[in-house]
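Please read the points below alongside the sequence and the model.

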Amino acid sequence: MVQLEERQAGRYVVREATRADAAGARSVMLDTFYLEFGHGYNARWHGDVIDMDTAYFDNSRQALFVAALDDEVVATTAVRSDGPQSPPHAPWLAERYPSGTTAQIFRVYVRREHRRHGLARELVDMACRFVALTPGYETIYLHTNASVDGAEPFWRSIAKEIHDGRTDPAHSPAVHFEIPIPVV
């Protein structure tokens, strides 16, 4: 099992989550679904948010990372060992990024009042190091909702665009990216 050292990001602590962080992480995620995305919780898409034990804590190839300020979780990022699903994404994306060998970055959420402190960048870096240290991964993939303020420019600063789903009306309008697996 991979264990990464926690690190400081200004006043924040960035680290791999523990079961004790689940309620705080869940709060950040649910608030993002309702307040940022405007669609709320959907069991089809968000099962990992409710069952974090199975999704993250009991699976050595998946992980949840948090940023905390005074022990309050204010940001999250996750790694899951599954690729994009078709539908809603194009079938060729699911074929290019198969589950098992694809590490998908998920749940990169920062509470609005804690943004612009480098937390997402620190969390994604930690998630990518986790992938590099976990056997069997060949690719890091993610998709983002470009309508979320700051999401697209952030991902363009650290990842390579693979497909802009906004040009494909038959599938999800997400923008799809790859990040190179770091050498650690």
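1. A residue is called buried here when its relative accessible area is under 20%, and exposed when that area is over 50%. By this criterion phenylalanine 65 and phenylalanine 130 are both buried, with the reminder that the model under discussion is a predicted one.

2. A search of the whole structure gives 6 aromatic pairs. One of them joins phenylalanine 33 to tyrosine 109 in an edge-to-face arrangement, with 5.9 Å from centre to centre and 90° between the planes. Because phenylalanine 33 belongs to helix α1 and tyrosine 109 to strand β5 (residues 102-110), this pair ties together parts that lie 76 residues apart in sequence.

3. Phenylalanine 65 is found in strand β3 (residues 63-69) and phenylalanine 130 in helix α5 (residues 119-133), so the contact ties together parts 65 residues apart in sequence.

4. Two arginines deserve a look as well. The charged end of arginine 61 sits over the ring of tyrosine 137, 4.1 Å from its centre, while that of arginine 80 sits over the ring of phenylalanine 106, 3.7 Å from its centre.

5. Leucine 35, placed in helix α1 (residues 22-37), counts as exposed because its relative accessibility is 68%.

Definitions and conventions. Residues numbered from 1 in each chain as written. Predicted model: local features only at pLDDT ≥ 70, side-chain atom pairs only at ≥ 80, totals over all residues. Heavy atoms only, no water. Helix = DSSP H or I, 4+ residues; strand = E, 2+ residues; numbered from the N terminus. Buried < 20%, exposed > 50% of the residue type's maximum accessible area, 1.4 Å probe, protein only. Phe/Tyr/Trp six-rings, centres within 6.5 Å; stacked < 30°, edge-to-face > 60°. Lys NZ or Arg CZ within 6 Å of the ring centre and 35° of its normal.
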